[in-house]
Structures are given as structure tokens and as C-alpha cells.
Amino acid sequence: MILLTSILLMVHLLPSVRTINMTFFPCDANGTAIDCSNRQLDRVPLFHSQTVTQLDLSLTKIMKLEEHSFKGVLNLLTLKMNYNCKPEAVPKCKLDIHYYTFKTLSKLEELYLSGNNLSSIPWLPKSLKLLDLQYNKIFQIDSLEAPNLEILFLSKNCFYNNACNQSFKIDEQVLKEMKHLKNLTLAYNNLTTVPKGLPPSLEYLSLKENTITEIPNNTFANLTNLIYLNLEWNCQRCDHAARTCIPCPNNASLQLYKKSLFSESSAIVYLSLRGNSLKKFPEGLFTPLKKLKTLDLSDNLLAPAIQNGTFFSELKNVTWLNLIYNYEPKVTYTELILSPHIAEMSSLRSLLLSGYFFQRLSDNSYEVLSKLYNLRNLDLRMNFIDICNATALGKLPSIRNIDISQNMLKFVSLCNEQHYVHSLFTQTQHFKVIDREAPTFRNPLPPDMQNKESDCGTQFLSLAKFRHKLCDDKLTFNLSANDILYLNKGVFEGMENAVCVDLSFNYMSQALKEGVFSKMQNLSYLDLSYNRFDLYYSNAFSELKSTLKVLDLSNNEFHFNLKGMGHGFEFLQNLTELSVLSLANNKIGMRISKRLISSSINYLFFNGNHLYIMWESDNDIYNSFFQKLTNLTYLDISDNNLRLITPTIWCNFPTSITFLSISRNEITFFPWQNLSTLHNLEHLDLSHNHIEFLPSPVEFGDSFSYLDLSHNNIASLPDYLFSNHKLRCLHLNNNQIKEFNQESLPTSFKNGSTLRYLTLHHNHFRCDCGTTWFADFLCSTPIKIPNLTTLVQCQFPESQQGKSVLHLAGGSSCQDIYGGLAFIACAFLTVMLTALPLLNHLYSWDLWYSFQVLWARFKGYSQLKGSDSKHQYDAFVLFDTENPAVRDWVYNELICHLEDTGHRRFCLCLEERDWIPGLSRIENLHNAIYKSVKTVFVLSCGGEMTNGVIRQAFFMVQQRLLDEKVDTAVLVLLDDMFPKLKYLQLRKRLCRRSVLSWPQNPKAHPFFWNQMRAALSSDNLKFYDKNMSESFA
């Protein structure tokens, strides 16, 4: 019956392959783009579509492309097959591409083949415009038939993480023939010279991380369209290397000449000479670069040139200059002296001078900076500055952002050097400064890491976005990660007009009082995070009441952890313009103000505290802690170790809240019945908790549209959850859901009229005939369900585990399957009940006879005792009855296999069972030998040969051989190491089939019993060795 059920199920499921709604399953289809990336595919899916123009097969297990692998998608414009076989993969692999694989794709424009361990380039369509061959094993290119190519990526084919032990080579003629090439990337290829034959059409050229030692004159003279030129990290400076460093011979610098960058009408806008151990520049090097805007000279040895270099006068149009980490090894200057020629850079807007290592700016430097009328961003991080004239810096004509973080202002040896943080205000620069790129493969972000709100229409600003919004193009001082231990008016000398100030990571430990910020007239953003401030006095920050909008007091947990110490938040009432407040990660839990009171705060970050202590069941002091925040719209109380939220606490939340995050707690109970009291609530995040069920019914507010229940222990969902007609975004991933109730899904949910976004991956779905409707729903719904084809998988039954739920789509329901099964069973019974009486009436005797024959066949053959007048037994078994091991083998092995089982059952004679009492032993022995066809000697390494009965029986068998010319002896050896007796050796040579050894391997036992049956059923004389036998006639 089980087998029949399985067959029927398979028959009913077969049509699902044809009728499934998702034509490109298991891939995702979005219009004309098919995404098959990151799937367990081992061959190219057989798609047949004339509309598909984009196909992504990256991060799969496809190891071979046949000549006609893409014959079903002839109109492809973009094909991606990245990182299917990375060069560093273990075990080693290689993507095998047939030379003419892409010949059928006559319209192909973009081909991505990076990270596939390729050593050669296949045939390419003439229509190709972009070719990506990065991270392969291509060391030499002699021909490349792609005349219309515009973008060519060839980086990381030969470098220390993908070693080739040779220099990358590309034929000069290959480059000359690509007359439309605009972007050429040859980074990380062990190039020793700039390739010759570069086409004049180039706009972007990257030669970074090679071993080029020289840029000869007129190297780029014909590249009149070149806009971006990257020559960084060719002669690397190894005393500041973060990873594998390959310097030029003798630690020499990249050799530059006056006309190395020359071009009659140069169009270069971006130039990077970073990390080339440069100490100076030949005069006139930058003169031809009239359009140069961005220049990166970081990680060189230009410390002397910064003080007296004249090349700055050639950079009058440069707006962004990077000079970071140009220090001299083991040298710290007392003061920074800037070359007066820097003042001639009239267009300069951003100047980066981090990592130069000096203690203060000289008066000369302030004078030079004051002549830069367009300078807006000044970066002085990581310089050991201990004295700073903020007044002089603040008076720079156009200055907006001054970064003096990671220095030693107000130095105290207790400064915690582990508090290292990058400036958050450099986002106003045109190019973000990053460390040397790590040339390793990075997987793309998983879908779970993408912004969940973007698909749901809910947009709430983070603290970083508020900083960006308030501080861009406003006077900003970054004093983070210094050694300021105490705040007073003197700290802000010269910063009176600052709009944003960052004082984080300074280890300041003090109780803030009135007057500290009295000089700050325009301060809107203040970051005091990662310090030790004591919030006790009610008049703290009072001088900022009309300007301060964002206040970050997060990670000031030191005083909150001190037992018995009180804290107050009354100062919030004075800050009438405060809109954003962060009290996150302060471990706030007791001896604080009973309420937070403010009519201006919109955003409150209270995550990482101890609300579970404040809201204990026997403590109602803080039940109304947030109630007086009358204008609050955003509240984050995640990561507070909360186990429950009582209805009283919930009802005391401000009704103005639209966003509420209670994620990453330990909540098992939630007041669902009171949810509608927050009638403005739109967004509720309950993810990463321990919620197991949702009660019914629950009334949502009119504005409610977003609910996140992911990463909980929910096994089933009530009907009401889908009856909310305004719910647009629902997260149910990473739960214990096994199935949905089909009847609980209203029409609006099925049609997706309100719900736009639904996550279901990483649940424990049951896949059987009762859930085929769910697979059909997933295929046809317009609701966006991320990871639908990859991570929405079956967990039950075990045979379906790991398969996509969608494979059930188009299948039959339980009613169809079991209805068909019932029909077949009833039909079978009807036929049998009709046919049996009829057959019995017509053929009863024939049926009885056939039955008896079959029964005899099943029962087997056994010889009746006494049927043969001469031989009563098939075999007489002799063994040492005193040896318990041998007795056990005879009665439990020999008797069972020869007398009780098998097609022929032998009749055996045993001394203890079949000898006649009263007769002498010699008479019984004589009768047993002469009335048995064969005599079986069961021998071991014990004392059989000293046993009188066995010895006498041996002599009788030999006598019978002489008298009757009949060899009846069969020897069974139970031990491997049996003594080498002369008779035994002779017996083995004369008739090997009559000497059997009991195997120690249990798997060989059936073979032994087959040999034993053959020995007992056959005549030994017929198997004598002809070379050893004698005539017994």
C-alpha cells in the first residue's frame, strides 16, 4: 500500500514540471533578467526564451560549458559567470569552456568570467563591449578578436595571492586593434612596464599593484582622452605595509621624468601615485595636467617635499589633495611647516595631512592655509598633535570641516589607545580615502543583509544620517580619539561658530554642569559617546537649549555601573530644540529619573540598557518612563534583556510613536491585545526574541503597516494576522513554521492588494500533498518574497528535506491522490470477490494441484529415514564432545545450516543424539560409519587426535576405502593455524574439496556452507587430482 501511494504521488507530481508558473525555476526571473547565482547548479539550465537578455550564473557549481549550452537564450546581452572556481579553491578546479560556447550569442554585449581559473580565452562575439577576466590564470594574451570592446577587466591574474612566477604579457597589436576601448584594468598582474600600444580612446587606465619601476617620457602622450590614471603601489613603501609588500629593487622609488605624464591636451582628472616611495618630483611633471582635479600622493616619502616642494605651484586646478602617511620613518616633527607654494593651489577644497607626525602647526602653516580661499576640508588625523590653535583654524576663509581626531590633545598617559575611530565627516570629500585594498575574493552580501525597509516604504533616519544631514557644509570640529579628560570653556576656544563637534572616544570622566558650552553659539550636533560622563545635574547643556538638535550620549556606561550612584535626566526639559537623543549602551537600570520629559525629542535610541531591571514585576516606578516624551515618533529599546512587556507598560508608551523596535530581547509574552492603543504605530520590530505563538484576535491600528517577527520560535499563525488590510511588510523568516492554513488567507492577501513584502525563508515547512496549494500560491502571488527559490525549503518529510517548496507547485491535492488510491483499492476488491468464486467453480482441482506443487517447492526436499536400505544417514559427524567451542559450533552452526535450512536438508548422525544405548561404542561407531554416505571430521587445535573414538573412526574410514573403494572422509578445520600433519597435507593435494576451513570473516560463511553441501552431495573420487591419483580397481 505504501509503495502504491508513492507511485501515485509521483504520477500526480509529474505534470507539475510542465505546469509550474515559474518558467525559470530554480532561478529568479525579473522581467528579462534571470538570476541563477548562488545556487547548487552543476550545469547550465535548459531555458528556451527569446526575451531573456540577462543571465547570472555566478557562484554556482557549473564546471563545464558545452558548445550549445546557451542555445535556448540566443538574445542574451549580459552573461555573468563569476567565481565558480576561484584560483585559491581547494581542491583545485577549473571552468572548462568549449572554444565556441559563445558563438551562438551573436548579440552578447557584456561577458563576466572572473574567478574561474581560466588559462585561455574562448571565442568571443564581435558584438562584445565588456569583458571581465579578473582573478583567473591568464598570463599572456596574443590575440583577442573583440574589435568593439569598450571595457576590459584583466586585474588579479598574476600576483602574490594568485602566483604565476612570470610577468603578465599582452601583445601590443592586441591593444592597437581595440580602437573603441575606454576602460582598461590591469591591476595586480606583475607587469614590469607600461604596456605598449594603448589605444587613444582610453578614458580609464588602472595599473596599480604591479612591479613597474619606471614611467618613461611620453608614455601616455597619445592618450588624449584619458580621464582616470591609477599608478599606485608599484614601488611599495614596506615600512607602512598592511599586507604583502613588494618594493622596487634597492627600495627605490618609481622613476618619473619631466614628460612621464605628458600629453598635448591632457584630459586627466584623477591621478593616483600612492604608495610608490616617492621623495620628490621632476620639475614640470604636473604642468601638462591642466584638468587635474584629484591627486593622491599618500603613502610615499614626501615629508621634505611638503615643507619646501615647488611642485604645488603646478597644481592650481587641483581640488582634492591627499598627502596622508608621508612621514619619515622614526621622525616626529616639532611643528608642521608647509611649503609656501601650497598657497598657490587656488582651487584646493580638501587637504589631507594625516600621518605626517608633528606636534603642532607652525605660524607659517596657518599663514599658508589662510591663503587657500576655497579650502573647506582639512584632515589632520593621526599626527601626535598636542597643541592646536583652533582660533586660527576656525578663521580660515571657507573652512567647513576640521578633523583633528586621533591625536594627543591634552595628553594623559591613561588614554585608551584601543579607541580608534575613523572620521565620520569625510563624506563631504569627492573621494573617500581607504586603506590599501585587500586583493582577495569577497562574496556579495547575502540577501538578509539588504535594507528591509526599502521595499516597505518606511524610511527612518539613523544617527549617522542625522550627522550627515546637519553637518554637511557646516563648520565641524572632530576632536574624537584624543586625550581630553575634562571639558571646560577652554577646550572650545576658537570653536564658537562650530555647528557640529565630535568629542567621542576621549575618556572624559566628569559631571556636566552649566557653562561648559557657553561659548558655543551655533552648536546643533554634539557627540559625547564613548566617554565617562556623569549625568546628574539638571542644568547640564542648558546653554545649548536653543541650538542643540542631536545629542549622542551612548556608551557612557561607567557611572551607570557604579552601585548606589544616582543619575538624572531633568536636563532634557531645558533642551527645547533637541530632536535626536542617543542613550544607547549605557547599562541604565536603576537610580535614575522616573521619567524622561521632553516635548521636542522625536528620536530616542535606548538600546543596550537594562530595562529588564527597570520593568521588573515587583517594581512599578519606571512603568511610565517614556510617557512624557510627547513628541516621540521613533523609539529603539532593543537589546535590553526584556522577557515580557506588560499591558501597563505598553499603554504608557507615548501615543505619538510610529516606529518601535523591541528586537534582540528575550520576550516570550507580548501584549497583543493592547496593540491598538498606539494608534499611530506604523513599524513594529519584534525580531530576535523568543515568541512562540500569537493569540487571536488582535486589533491593529489604522496606520500599522510593518511587522517584523523574524528569528523567533513561531510555529503557527492565527487567521487575523492576514486580515489586516493595511499591512504592507511582514517578516516571518527564521521561525518554526511548518504550514499555513489555506482557509486563513483572505482574498486580499492571496491577491497581494495590500501586502507587498513577505519573508518566509529558513522555516520548517512540511511538503506533502496537503501543501501543494501553498507552492501554487508562492508561484502566482505578486507579493515580493526574497530568497523564494533558494531558501524557502522543505524540512519535512525527511525525503523532501532541502528541496525548494516550489517543486510541489502544480501538483495534486490529498483529495486527488487518496481519491485515486481509494478507487483502485475498491476496483481491486470488486474484481477479486467476483473472480474467486468463479475460478473455484470451474478450476477447483487444478488450483488445488498447483497449490500443492508450489507448497512442495516452498517446503523443500528432505530424505526420509530408512528410504535407502544401505545408507541411513547422509553424514556421520565426528567431533571432540569434550571441547565446548567445538560442541557449540556443531550444534549451533552445522546442524542449523545442514538439517534445518536450505533446498536440500541433510540427515546427520551424531554420537550423543543418534547412537543406540546398550550397544558398545565400537558397534555404534561401526554402524554410524557404514550406514552414512559421508563421515565428517570436525577438527580443531585441541586434543582431537588423542580422542580414541576419532582415531578409531579414522582407521575405519581408511579400511572402508580399501575394502569398498569408497572415499567418505570430509575434514572441517575450525582453526586457521592447524598443525601441518602429513596426512592432512597429502589430503589437500589429492582431494582439496574434501578439506574445508571455517572462515573467520562472517561474510564468507555462505560460501563455506555451499562448499560443505557440495562435498556431502558428491563423490570424492571424481575430484581427485589426476596427477596424484591411483587406480583403486
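The link of C235 and C248 is left-handed, with -70° about the S-S bond. It is a disulfide, a pair of cysteine sulfur atoms within 2.5 Å. Here the S to S distance is 1.8 Å. C235 and C248 both sit in the loop between β15 (228-230) and β16 (255-256), so this pair ties together parts that are 13 residues apart in sequence. Strands are DSSP runs of E, at least two residues; helices are runs of H or I, at least four; both are numbered from the N terminus. Both cysteines, C235 and C248, are buried. Buried means under 20% relative accessible area, exposed means over 50%, and partly exposed lies in between (1.4 Å probe, protein chains only).

This is a predicted model: local features need pLDDT of at least 70, side-chain atom pairs count only at pLDDT 80 or more, and totals for chains, interfaces and linings use all residues. Residues are numbered from 1 along each chain as its sequence is written, and side-chain values use heavy atoms, with hydrogens and water left out.

**Disulfides**

By the sulfur distance rule, the count comes to 6 disulfides. Among them are these:

| Pair | S to S distance | Torsion about S-S |
|---|---|---|
| C235 and C248 | 1.8 Å | -70° |
| C238 and C245 | 1.9 Å | about -85° |
| C471 and C500 | 2.0 Å | -100° |

The torsion of C238 and C245 is about -85°, so that disulfide is left-handed. C238 is partly exposed, at 34% relative accessible area. C245 is partly exposed too, at 21%.

The link of C471 and C500 is also left-handed. This pair joins distant parts of the chain, 29 residues apart: C471 is in helix α7 (residues 463-471) and C500 is in strand β26 (residues 500-502). C471 and C500 are both buried.

One further cysteine, C896, is partly exposed at 31% relative accessibility.

**Nonpolar cores**

A nonpolar core is a set of buried Ala, Val, Leu, Ile, Met, Phe, Trp, Tyr and Cys residues joined through side-chain atoms within 4.5 Å. In soluble globular proteins, nonpolar side chains tend to be buried together.

Which residues have the most contacts inside the largest core? They are F541 and F626, in a core of 212 residues. Helix α11 (residues 772-780) gives the largest share of this core, 6 residues. Apart from it lies another core, of 24 residues, including L908, V970, L974 and F1008.

F626 touches L596, L604, F606, L611, W615, L635, I637, N652, F653 and P654, leaving aside residues up to four places away in sequence. Contact here means heavy atoms within 4.5 Å.
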